[in-house]
Structures are given as C-alpha cells and as structure tokens.
Amino acid sequence: MALFRRKRRKAKRDLTVEEQLARGPIDLPFLALVLLLTTIGLIALLSASFAYGMYNPYPNIQDTGGDPYYFFKHQGGYAILGVVAMLVISKVDYQRLRWMGAVGLFVSIVLLILVLIPGLGVSANGATRWLKIGGVTFQPSELAKAMVVIAFASKLSQRKDRKGLPPRKFNRRTRWGRFCEWADKFGLLELMPYGIILLIILALLAKEPHMSGMILVCVGAASVLFVSGISLGWFAALGAIGAGGLWLIITKTEYMTKRIELWLDPMSDLQNGGYQLYQSQVAVGSGGLLGKGLGNSTQKYLYLPEMQNDFVFSIWCEEMGLIGAVLLIILFALLIIRGFWLALHARDRFGTLLIVGFSSLTAAQVAFNMGVVTGAIPTTGISLPFFSYGGTALLVNLAEMGVILSVSRQITAPKSQ
Amino acid sequence: MEREQQQQQPQRRHSDHGRSNRSLFRRTVCLMLVMGIAIFTPMIAQLVKLQIVEHDAWEQRAVSQQTKNVTLGANRGTIYDTQGRVMAISATVYRLILSPNAVLQSIDEEDYPDEDGTTYQQALQARRDLIVNWLAATFGYDRDRLVQRIEFTKSGYEILAYEMEEEQAELVRQFTSENYLSNMLYLEPTSKRYYPYSSVGSHVLGFMNQNESSGDRKVGAQGVEAIYEDALSGEVGRVVISKNAQGVEMMSGYEMYFDAENGYDVTLSIDERIQAILENALAEGVETYNVTDGAFAIALDPNTGAVLGMASCPKFDPNDYVEITDPYLQEQLQQIAAAHGTDSDEYKDALSSAFSLQLRNKALMDTYEPGSVFKPITVAIGLEEQILHMDDTFYCGGVKMVGGWPIHCHEHAGHGMQSLTVAVENSCNVALMDMAERIGAQTYWDYLEDFGFLEPTGIDLSGEAKCITHSEEDFTGPYGDASLATYSFGQTIKVTPIRLITTWASLINGGHLLEPYVVQSIRDSAGNTVYNHEVTEVRQVISQSTSEKIQSIVQAVVNDGSGHNAYQAGYRIAGKTGTSEKKDEDTGDVVCSFMGYAPYDDPKVLVLMAFDAPERSESNSNYTPSGTYISGGNITAPVAGRVLKEILDYMGVEKKFSDMELATSDVLMQYVVGSELSVAMGTLRAANLAFRYIGSGNIVTDQIPAAGTRIPGGSTVVLYLGDEKPTDLVTVPDVSGLSPDAAKSKLEELSLFLRLTGTAQSGSKAVYQNIPEGTEVPRGTVVDVQFGDTIIDYDGDPSGAIPNP
C-alpha cells in the first residue's frame with residue numbers, strides 16, 4: 001500500500017498541506033515506550049506461561065501440546081503483526097478516521113450481533129465473546145471499544161462548530177417539537193445519539209456477557225465526552241446514577257455481592273474466584289522488594305490460574321519485586337502521560353479526542369488489571385495491555401497506539417487556529 | 001476547515017473558540033492527572049502493603065503450599081537390659097489407607113455414555129466390590145463398615161489399619177499392583193514398638209501411645225519410654241522439595257535435606273532374668289495366698305543404687321497395654337460382666353480401674369506402712385548416735401504406755417529380757433519403742449530427713465510418690481510421743497518401696513545413701529556412649545561401723561529370728577520381715593513384706609518384696625484359708641529367700657557353707673558298679689552318703705543315681721546287687737506339710753532324693769517343692785524341697801489406738 005501511494009505521489013507535483021502534515025516526524029518517546037512495553041510484555045508472558053505450557057493442565061480447554069513456549073510463540077506472532085499494523089496506521093492521516101469511525105461503529109455493532117447468533121459465536125467460560133473467521137478467533141468487543149472512541153471523537157470534534165449559532169428552531173405545534181426544544185435547552189438533544197449508541201453496545205455486551213468490555217466502552221466514551229466539553233452536570237448526574245446502579249447491583253445481585261465478598265476476603269471461598277485472588281496475592285506478596293528473579297516464580301507452577309491471561313502482572317511482581325512492579329507502573333504512567341501530552345499538542349480537536357480516548361482506555365485497563373491483581377479492587381476480568389495473552393487485544397492495543405502516533409505526526413506544525 | 005469557519009465568523013467566534021479551547025485544555029490536563037497519576041497511586045500503595053509490609057506472611061504461605069515436606073523417619077532407639085537383651089525395639093509396619101475419592105475418580109463417567117448412567121454406576125460398584133470383598137476376605141474387616149467407608153467419597157484418606165505387618169503389607173502390594181489400584185489402596189510406612197519379653201519389666205519400660213500434643217505419632221507413656229522420650233525418639237528428618245500445584249516434584253526446584261537422627265539406644269540397669277525371677281515369684285505368691293491388693297518387689301545393687309529388677313503386680317503387656325492380663329483382675333471383671341453385662345457402667349468403671357491398676361507401678365507410685373522392716377533404721381539411728389549399744393538389754397512386758405495409751409507388742413505375754421540383737425530378731429515392738437524414746441523425737445526426725453524420707457529418691461522414672469509422714473512440728477511437739485513410738489516399728493509412716501530399699505541399701509553399704517537408677521547408659525546410633533550413669537551418693541548417713549553392726553543384727557534375723565524362713569543354705573541371706581497393718585484402710589488387711597540381701601559378708605543384691613493383703617480365712621482371722629499364719633515371715637520370706645537364691649545362682653555368686661550346712665551339701669556320686677558291697681559301702685560313707693540295697697549278692701551290679709550326679713549329702717543311694725535296675729518313671733509325691741525327715745523318707749522310697757532348702761528345724765514343714773506333685777521323673781532325680789516355720793511377728797498394735805498421719 002505504501003509502495004502504491006508513493007507511485008501516486010510521484011505523479012503529483014506538490015503535496016497538499018494536509019499530506020505534508022501527515023508526513024511529519026513520529027513522536028519517538030511514545031513509540032519507544034510502546035515498543036518497550038510490548039517487549040517487556042512478551043518476556044513477562046513467556047515467564048508467566050512457561051509452566052502452564054509445559055504441564056498443559058487442561059488440554060481440553062487449551063491444548064499447549066506441552067510446549068512451554070506455546071503462549072510466547074502465539075503472542076509473539078501477534079506482536080510482530082501488531083507493531084507492523086501500528087506503524088502502518090501511524091502513516092495513515094488520521095483525518096481519514098473521521099468518516100471511518102461511523103462505518104467502523106456500524107460494523108462493530110453488526111459483529112457484536114453476529115456473536116450472539118448461535119453457531120457463529122464461540123463460547124468459553126460461560127461467555128460468548130468471540131467470532132471465528134477463517135480459523136482466527138476474533139473478539140468484536142475490542143473493535144467496538146476503539147470504534148466508539150473514534151466515532152465519538154469524530155462527532156464531538158465538530159461540536160464547537162455549532163456553538164454560538166442561533167438556537168435551533170423546532171416546530172412548537174407538535175408535541176415532539178416541544179420536547180425537542182425543551183431537551184435542546186440543556187443539551188439532552190445533543191447527547192441523545194451518543195447515549196443511544198452507547199446503550200445499544202452495552203446491551204449487546206451485556207448479552208454476551210462481557211462485564212469488562214462494558215466498563216471499558218464506558219470509560220472510552222466518557223473520557224471523550226468529558227474532554228469535548230459536555231457539561232459537567234451530566235457527568236455528575238450520570239455518575240450519581242451509575243454509582244446508585246452499581247450500589248444496587250452490588251447489594252441486590254448475588255453474583256456481585258459474592259464478588260465483593262471474595263475481594264474483601266479471598267479465603268472465604270477458595271473453590272471459586274477467591275482462590276485465584278488469593279494465589280495472586282501470594283505471588284505478589286512473596287515477591288518482596290527485589291523479587292525472586294526473572295523466571296524464578298514458583299506461583300506460576302499452576303498455583304495461580306490464568307497466569308498467562310489476566311494475572312501476568314502477579315508473576316511479574318513475584319519475579320521482579322516491588323522495584324520491578326513500580327518500574328512497570330511508571331512506564332505505563334509515562335505512556336499515558338506522554339499520550340495526554342500529545343493530546344494537548346494535537347493539531348485539532350479530533351486528534352486530541354482520539355488520543356484522550358485511547359489513552360484513557362489504556363490507563364483504565366492497566367489500572368483495573370493491576371487493581372485486581374493486587375487485590376485493591378474486585379475482579380473485573382480486564383487484561384493488561386501488551387502483557388496478557390490474547391491476539392485480538394494486542395493487535396487492537398497496538399493499532400490504537402498507531403492512531404496516537406499518527407496524530408503525533410501532525411503536531412510539529414503550529415496548531416491550527 | 002476550521003480556518004474557513006474562523007474567517008466567516010470573525011470576532012465573537014474567536015473569543016468563544018478560545019473559551020472552548022481553554023476548557024478542552026483544562027479538561028485534558030485534568031484527565032491526564034487522573035489517568036496518568038491518580039489511578040496508579042493506590043496500586044503502588046497496595047503493592048507496598050503486599051510486598052513490603054505483609055511480605056513475610058505471604059512468603060510463608062507461598063512456601064507452605066509450594067513445598068512438599070517428606071518426613072524421614074528416625075528409628076526409635078532400642079532399650080536393652082544390662083546384659084544387652086533387647087527389651088524394646090522398633091520395626092517398620094504400615095498403615096493401610098483407602099481413598100474413596102480416588103476410587104470414585106478412577107471411573108470416568110464420560111466413558112459410559114448411556115442415558116441414565118446405569119453402566120457407569122455398575123462399573124463403579126464393581127470396582128468398589130472388588131476392593132471391599134478382597135479386604136473383607138483377606139483381613140476379615142467388617143464388610144458393612146467397609147462399604148460405608150468406601151462410599152464416603154469426600155474422603156481421600158481412610159485409615160483401615162494402623163499397624164500392618166510386612167507379610168500382610170505384601171499381600172496388599174500384590175493385590176493393588178495386579179488390579180491397578182495403587183492410588184486407591186496404599187500403604188504408608190510407620191513404626192511399631194515391640195517388647196520381645198512382653199510383660200517382663202513392663203512398668204519400668206512403659207509403653208507407647210498417642211497423646212494430645214503428639215498427634216498421630218506415638219510417644220513414650222510412662223516408664224523409661226516416657227522419661228527418655230527425647231533421647232529415644234531422635235530427630236525426625238525432612239526433605240523439603242518444591243512442587244507444582246498438582247503435587248508433582250519439580251526437578252529444577254530447590255531441595256533441602258535435614259537428616260534424620262536416629263534415636264539413642266538405652267541400656268537399663270535392669271536385668272531381664274532378675275526381673276523375670278521377681279515377677280514370677282510375685283505371681284506365684286499372689287496366686288498361692290490370693291493376694292487382693294497386688295504385690296511389688298525390687299532388687300537393688302546396694303553398692304551402686306542400680307535397680308536390677310522392679311516388679312509390680314498386676315502387670316501389663318506393653319505390646320498391648322489395654323488388654324487386662326492379670327488373672328485376678330480378669331476374674332473380677334468376669335464376675336462383674338456376669339452380674340451386670342459388659343455394657344453396664346459398672347463393667348466399664350471396673351474395666352477402666354483395672355486398666356489404671358495394671359499400669360500402676362506399685363514399687364514407685366504407692367506408699368505403705370513398712371512395719372518391722374523399718375526397725376533396723378531405728379536401731380541404726382540409736383547406734384549411730386551412740387545412744388544404743390550392742391550390749392544394751394531391753395525388757396518387754398508385752399505392753400508399753402505411750403502418751404497415756406497402751407501400745408502392745410505382738411507377743412502379748414512379752415518377750416522378757418532381750419539383748420539388742422534378740423530384740424530385733426524377735427521384732428519386739430516394746431524394745432523398739434524404748435529405743436526411740438531414748439533417741440528422742442528431734443534426733444529421730446533429723447535422721448528421717450537424712451535417710452531421705454522427706455525427699456524423692458531421684459530415680460529416673462516418673463510418678464514417684466512422696467513418703468507420708470507427720471509434720472516436723474507434730475512429730476517433735478508435745479503430742480509427738482505416739483508417732484515417735486509407732487515410727488520406731490514402722491507404723492503410721494508411709495513410705496514408697498523404692499525409698500525404703502534405697503535407705504536400706506545405705507544401712508548395709510557403709511552408710512552411703514545413693515540415688516537409685518534404672519538407666520545405666522545411653523549410646524547414639526553409632527555406638528558412642530553419650531551418657532553413663534555414675535554412682536551418685538546423696539550423703540553418708542551412718543558410719544561404716546554402725547552399718548556393720550546393723551548387718552550383724554539382720555543376719556541373725558534370718559539365721560535365728562523371725563526371718564529364718566528366708567534361709568537358703570550356702571547363700572548367706574540376711575534380712576528383716578515385716579507384717580504391717582494397713583491402719584488407714586481399717587480393713588484388718590496387712591502387708592507382708594521382707595527385705596533381705598545376700599551374701600551377708602559381701603552384699604550383691606538387696607531385695608524388697610511385699611504382698612498387699614493376702615486373703616484371710618475370716619475377717620478377723622490371722623490365717624489364710626489354707627492355714628498359713630499371715631505374716632511377712634511366713635508368706636514373703638520363703639518366696640524372697642528363693643528369689644535371692646535364684647538371683648545369686650544367676651549372678652554366679654559362689655556358695656559358702658557353714659560346717660552344719662556342709663553335712664547336707666551336695667556331693668558327687670561315686671562309681672561303685674562292679675565293686676564289692678563292702679568296698680562300695682566305704683566309698684559312699686567317705687562321700688557322706690547312706691545307702692540301701694536291693695537284691696542279694698555281693699557285687700554291685702547297678703546304682704541309683706548314676707556316677708557323677710550331684711546329690712545332697714546324707715542321701716540314701718540305692719545299690720542293686722544282681723537285680724535289674726528298673727527304668728520306669730516314678731511319680732513325684734506331694735510332700736507339703738511334712739517334716740524334713742518324713743519328706744526325705746517319702747521321696748527315698750521312690751528312689752528320689754531330697755535336697756533340703758530353707759530352714760530345717762525340727763518343727764519345720766515343707767512349704768515348697770521345685771518339681772510339682774504328679775510329675776513323672778526318672779529314678780534318682782533330686783527334688784528341692786523348701787521348709788519353713790510359722791512365724792508370728794505381728795507389727796500392729798491390736799488395740800488400734802495409734803493415729804495415722
């Protein structure tokens with residue numbers, strides 16, 4: 001594709017301003033952080049999954065064939081693919097995403113519906129979250145997260161354009177018109193489409209069910225909405241409703257009550273999730289200040305279930321100790337902060353909102369995952385970006401980083417105003 | 001695009017745009033702070049809490065789940081007797097474990113995909129039946145119980161047998177390997193304690209059982225097993241191996257070894273032979289005299305304090321210490337079972353009291369009033385203080401007034417005038433009370449303290465009782481006369497047998513009060529001695545010369561006095577009898593005891609033996625139903641004398657005979673066959689033998705006994721003059737109750753010979769024969785017959801006026 005474009009460009013005499021901007025230098029610190037985290041993530045996954053791959057304890061669920069490098073090899077392939085995708089995406093002028101967002105959102109909603117159609121969706125652990133297309137399993141919710149951010153950013157970046165315009169006229173004779181006028185007064189009308197799209201996606205995810213996906217879609221959408229200048233009153237109101245709903249769910253549904261209880265006292269039910277939380281804390285706690293050394297985890301010898309998925313970080317903490325864990329947190333924090341720095345300097349609102357959305361998604365994932373692993377919050381099932389085993393997630397994460405890098409290319413030019 | 005708009009809407013648009021951008025900037029920065037810093041702070045706090053603050057606890061949990069502790073059993077040390085005989089030894093046995101859960105898991109339900117699961121149930125049932133049937137058939141376990149246990153599928157660890165021997169274990173191994181059941185039914189090695197001599201020395205050895213702190217491990221309970229538990233048990237070793245969550249050992253993991261240290265071997269001062277002699281004698285005495293409250297005996301080396309034997313009756317078998325083995329207790333239990341049934345509370349109470357009774361080491365844990373055996377102590381105090389002298393005389397009128405109360409001598413008529421020695425020989429209470437009066441309460445008390453009656457002996461066994469005395473204030477106070485008077489002849493003071501014999505040892509070993517002991521040495525498994533008992537002298541209580549005087553007195557007791565039923569020719573036995581009332585029980589029962597040692601010129605062994613409450617013919621009678629007068633001199637002394645004889649024989653102490661004894665000492669039968677009768681007659685006379693002949697010839701054609709046989713001097717041998725010597729067996733007759741002469745002629749009629757043991761005065765009667773009546777023996781066999789006299793040496797005061805402590 002790059003070759004193809006170069007040919008086309010040669011044919012032209014001059015590049016447009018837009019094209020010149022899109023060829024600006026990439027933000028190297030951010031790229032370095034992404035590559036560093038991807039590499040460390042692969043190493044951590046290798047160490048964490050080594051024993052699981054070797055002992056192959058559940059061949060009917062996931063057959064590693066007794067290969068200790070099974071997870072590393074798979075993830076490594078996706079990582080290479082993902083880095084290539086990231087670099088390619090970074091070359092793409094992100095302005096093209098303005099229209100892609102809406103299409104992508106539509107496609108993801110269709111895919112999310114497809115997942116729910118029996119026969120197409122692939123189930124695991126009592127949840128149907130995957131689509132199998134040509135031998136490759138794929139998680140549409142990952143795409144949906146990204147697309148929500150892109151689509152919302154695209155739409156919200158045009159928001160200020162309408163500011164200052166005279167208030168829209170509505171036909172006061174119809175009841176609908178009166179309602180619209182009333183709603184428009186305090187911005188409800190403007191928020192309606194976002195709300196409806198969000199509700200559709202959340203409903204589809206809830207059907208899977210995919211709790212962590214719901215949380216992340218909300219975080220992505222909320223961050224974009226927040227930065228784009230939606231009245232804080234809405235956040236306060238939605239926050240209050242959300243907190244109330246959460247409180248209701250926690251106290252009134254057995255499922256959540258149990259999760260909370262498990263979190264407060266993992267030992268109370270070692271048969272179920274409590275065992276995992278407990279073993280995770282054993283791993284983290286036994287690491288101490290300096291850790292047992294890379295590759296020397298003992299908890300990974302099947303004591304800690306899912307150590308290759310959501311609990312890579314526990315093994316990292318065990319092997320690298322507090323020092324290694326804090327170092328990793330600092331790397332993630334730097335990635336987030338650098339992302340936001342890029343957002344602040346982005347050429348336009350769309351770029352800002354894109355980066356804010358993706359960075360917030362990443363930050364939320366990191367925080368939720370580490371929170372669960374260290375026992376600071378109840379289990380959510382959110383994986384750690386760049387670390388946890390999962391091809392789609394890694395690809396999507398790296399693609400998101402590619403978008404951020406793409407935005408970073410256009411920064412060198414003075415801001416457009 | 002934006003530029004275009006800006007151009008279209010110049011002024012207002014700009015400021016509005018600026019405000020909007022400021023809001024965007026503020027909100028982005030705000031979100032950056034939240035997402036980049038704020039949300040990570042609690043993570044770091046949590047990490048610090050887990051990895052620094054609670055690190056040790058988590059690490060402990062990690063290690064405990066990640067390591068497999070394999071115990072390396074330490075072999076428990078062996079207990080030897082002083083001659084190296086194995087008294088207690090440990091050997092490997094097995095626990096038989098059934099895992100009902102593994103049985104359930106072994107059949108995979110998915111392999112039986114029929115609708116209702118019937119075939120799966122059948123397969124599972126078949127496997128269960130296989131195991132249950134085999135176990136029931138091979139080891140005779142209760143089938144119903146087995147079915148119950150195998151269906152308790154929550155359990156993975158059902159112990160079917162605790163101590164399975166190797167042969168049975170081999171059967172299990174074969175069965176499980178043939179049927180591929182080794183993860184469902186398996187063996188775990190453990191150890192079992194064996195006591196090869198079963199009940200011999202049971203109270204000293206103790207036994208093994210579990211207690212609260214030991215869990216399912218057996219530890220020593222009672223006796224040497226308990227006191228030397230630490231030395232015997234050794235250090236259990238461990239291998240710590242890292243494992244994965246499935247329990248698989250990890251080759252790359254770490255391993256740590258803590259070597260097991262085998263227990264030390266303990267060598268006792270106890271000699272199994274001497275112990276057995278004591279126990280047999282007790283059992284025999286208890287049976288003969290229907291002793292109701294048990295009996296005890298101790299054999300002590302008076303020069304070192306080494307306990308050579310310590311027996312208590314009833315006894316138990318440490319191999320199975322709950323089994324009631326004592327015939328007397330068994331009989332009682334059977335009576336109660338017959339009357340109330342075995343499920344009744346009465347039976348259960350009786351069973352548990354019988355159980356605790358047989359575990360009780362009476363020689364150590366009980367106290368009793370020693371009676372006359374105590375008298376030499378009173379004499380020793382007087383002699384040592386030079387208040388008494390060997391040529392003192394004492395008058396006994398049969399009663400003495402003490403503190404206004406009359407205390408009678410057992411000889412109500414009185415012993416009259418007696419020398420010191422004779423007073424002890426007569427066991428005269430009045431004389432002893434006179435002596436104590438002269439000594440005075442304070443001096444007497446000081447000596448009680450010196451002799452150790454106020455402190456434990458320090459023997460290395462647990463459970464030693466304290467002697468029960470009056471308080472010093474009472475004893476030396478204005479109302480102490482009665483207690484001083486009764487102490488003098490061993491009443492109202494209660495002592496432990498081990499204390500009494502230890503104190504007695506000091507009377508005869510030159511005054512040295514020693515610490516008695518049962519463990520001679522301890523060796524580690526490599527054979528290095530880690531402990532060897534040194535003779536421990538607590539203090540010297542009396543002088544050498546006083547000790548010698550006491551020895552001469554008690555020697556006379558056996559030779560001429562109340563102890564002469566303990567006499568055994570050639571063994572030079574000295575001692576003192578005792579017949580003490582059990583005042584505190586108010587039953588009229590007595591303890592018949594004897595304290596004796598031999599040889600008296602060089603004491604090698606000191607024996608205390610007592611029978612607690614021999615059965616009386618009537619409640620107020622002093623005679624047993626068989627007509628023996630109940631006293632230490634009649635009941636205990638003959639048994640104890642025999643015990644001393646056997647012990648000295650075993651120890652190889654050379655016999656020495658007085659001239660009188662020589663007349664009846666064994667001689668060697670000469671070969672006289674083929675000699676003329678007159679020649680034979682001369683040969684036999686020279687050898688101190690009489691003869692009778694059968695047949696009528698002049699040449700001896702055969703003889704009984706054969707040449708070279710040892711027979712008692714003075715026996716009548718049989719010479720055959722031409723007649724055929726009969727080769728049939730003869731039946732040993734009952735000679736009990738006969739005088740020595742009558743017994744001798746009764747035996748010699750049957751061409752048997754009498755070897756006279758014990759005392760043999762004109763009034764003596766046979767009390768014991770070593771070959772029981774009715775035994776078929778060849779002609780010429782020598783039968784040992786022990787003779788004894790009736791000794792009346794009652795210690796108590798019949799009026800019963802003496803208060804007990």
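1. In chain B, 5 strands form an open, antiparallel sheet in the order β12-β11-β23-β22-β21, where strands (E, at least two residues) and helices (H or I, at least four) are DSSP runs numbered from the N terminus, and two strands pair if DSSP finds at least two bridges between them. Because β12 (307–313) and β21 (574–581) of chain B stand at the edges with a single partner strand each, one side of each has no neighbour in the sheet.

2. This is a predicted model, in which local features need pLDDT of at least 70 and side-chain atom pairs count only at pLDDT 80 or more, while totals for chains, interfaces and linings use all residues. Residues are numbered from 1 along each chain as its sequence is written, and chains are lettered from A and ligands numbered from 1 in the order in which they are written.

3. Strand β11 (residues 295–300) of chain B is joined to β12(B) by 6 bridges, the two running antiparallel, and B:Phe296 has B:Ser312 in β12(B) as its bridge partner.

4. Of the residues in chain B, which number 805, 43% are buried, meaning that 20 or more other C-beta atoms, placed from the backbone, lie within 10 Å of a residue's own.

5. Between the chains, 50 residues of chain A are in contact with 43 residues of chain B, contact meaning that the C-beta atoms, placed from the backbone, lie within 7 Å. On the side of chain A that touches chain B, the largest share, 12 residues, comes from α13(A).

Definitions and conventions
Two residues are in contact if their C-beta atoms, placed from the backbone, lie within 7 Å. A residue is buried if 20 or more other C-beta atoms lie within 10 Å of its own, exposed if 12 or fewer, and partly exposed in between; C-beta atoms are placed from the backbone.
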